[in-house]
Amino acid sequence: MPPLAEALRHGPLVLDGGLSNQLEAQGCDLSDALWSARLLADDPRQIAMAHRAYVRAGARVLITASYQATFEGFAHRGVSRREAAELLRSSVGLARDAASGAAGPVWVAASVGPYGAMLADGSEYRGRYGLTVAELERFHRPRVEALADAAPDVFALETVPDTDEAEALLRAVDGCGVPVWLSYSIAGERTRAGQPVAEALALAAGNDQVIAVGVNCCDPRDADRAVRIAAETTGKPVVVYPNSGEVWDADARDWRGDPTFGAGRAMAWRDAGARLIGGCCRVGPDRIAALAATLP
């Protein structure tokens with residue numbers, strides 16, 4: 001199987017969709033602060049099933065269940081540091097095992113979510129936690145090292161809300177021997193913390209370890225313009241995996257509106273420079289299957 005960066009030179013690859021919504025469809029309770037990462041300890045079989053659902057749908061890149069998995073988060077549940085490192089590594093193994101059953105090559109992306117995901121209070125969609133870049137780097141480095149031990153094909157530095165955290169993450173992965181993609185969560189043409197997307201993406205422009213840049217966990221309509229900005233700003237392949245387009249109503253505790261994610265929209269992303277294309281929240285195997293059937 002060729003390195004992912006080489007594969008991207010030959011055309012677009014389909015990412016998976018939202019892991020949490022597939023786990024919920026399988027009947028899993030994700031109300032814990034660890035979210036889907038809880039299942040790494042409590043029921044890894046469910047994570048394996050979710051990965052396999054996306055492989056069957058045609059995904060060629062699987063993102064691990066480590067987005068909300070941190071040493072600090074596991075410690076709150078009484079999990080030792082040694083056990084937490086094993087759970088982090090197991091997230092890569094579960095995706096790798098699911099990939100082994102595919103008809104063609106499937107790459108594994110180890111998810112590294114933002115600091116705010118560990119807090120489980122929604123601050124990952126605001127950023128600006130009051131921490132320095134150096135403090136954020138110290139937070140991220142240990143789990144980067146644990147995940148790197150499991151030899152993923154790439155790191156997904158994802159749902160990044162601001163440039164401080166992006167800088168910290170790029171420092172944390174420096175020297176780990178694993179290529180990365182950098183993906184911001186945005187609103188309009190700005191990061192969640194309010195910086196212009198072009199300036200945020202430019203951080204990765206000269207970094208050879210970064211094989212793709214882009215956006216995720218955002219409205220598909222915001223992704224339309226962001227894909228072009230990413231390609232023009234960095235000259236790198238673009239990664240894009242937005243939400244379905246529905247909006248969460250916190251008062252009603254339900255999703256509202258109609259999905260705007262679709263294969264036709266993804267074709268426009270491809271034409272604008274996207275080479276890793278998939279979905280995030282509320283994008284399930286059915287939509288990934290439609291995407292895989294449309295993209296060459």
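Buried means under 20% relative accessible area and exposed over 50%, with partly exposed in between (1.4 Å probe, protein chains only). The structure is a predicted model, in which local features need pLDDT of at least 70 and side-chain atom pairs count only at pLDDT 80 or more, while totals for chains, interfaces and linings use all residues. Residues are numbered from 1 along each chain as its sequence is written, and side-chain values use heavy atoms, with hydrogens and water left out.

**The sheet and strand β3**

Helices (H or I, at least four residues) and strands (E, at least two) are DSSP runs, numbered from the N terminus. Two strands pair if DSSP finds at least two bridges between them. An open sheet of eight strands runs in the order β1-β12-β9-β8-β5-β4-β3-β2, with parallel pairing. Its edge strands, β1 and β2, each pair on one side only.

In strand β3 (residues 107-112), six of six residues are buried. Trp107, Ala109 and Ser111 are buried on one side, and Val108, Ala110 and Val112 on the other, which leaves both faces covered. In a regular strand the side chains alternate between the two faces of the sheet. Strand β3 pairs in the parallel sense with β2 (residues 61-63) over three bridges, and four bridges join β3 to the parallel strand β4 (residues 154-160). Individual bridge partners are listed below.

| Residue | Bridge partner | Strand of the partner |
|---|---|---|
| Leu62 | Val108 | β3 |
| Ser111 | Ala156 | β4 |
| Val112 | Leu157 | β4 |

**Helices on the sheet**

Contact means heavy atoms within 4.5 Å. Axes are lines fitted to C-alpha atoms, for helices over the stretch in contact, and angles run from 0 to 180 degrees between N-to-C directions. Helix α9 (residues 163-173) packs on the sheet and touches β3, β4, β5 (180-184) and β8 (210-216); its direction makes about 165° with that of β4. Helix α12 lies across β9 (238-241) and β12, at about 140° to β12.

In helix α13 (residues 285-294), the buried residues include Pro285, Ile288 and Leu291. Seen down the axis of α13, its buried residues fall within an arc of 115° (taken from the directions from the helix axis to the C-beta atoms), so they line one face of the helix. Asp286 and Ala293, on the other side of α13, are exposed. Among the elements covering the buried residues of α13 are β1 (13-14), α2 (19-25), α4 (44-57), α12 (263-272) and β12 (274-277).

**Nonpolar cores**

A nonpolar core is a set of buried Ala, Val, Leu, Ile, Met, Phe, Trp, Tyr and Cys residues joined through side-chain atoms within 4.5 Å. The largest has 78 residues, of which Leu40, Leu62, Phe155, Leu157 and Trp269 touch the most other members. Helix α6 (residues 81-99) gives the most to this core, with nine residues. Another core, of 20 residues, lies apart from it and includes Val61, Val154, Tyr241 and Cys281.

**Thr191**

Thr191 lies in strand β7 (residues 190-191) and counts as buried because its relative accessibility is 2%. Its side chain makes a polar contact of 2.4 Å with that of Gln195. A polar contact is a pair of N or O atoms within 3.5 Å; within protein, one must be able to donate a hydrogen and the other to accept it, and residues adjacent in sequence count only if both atoms are side-chain atoms.
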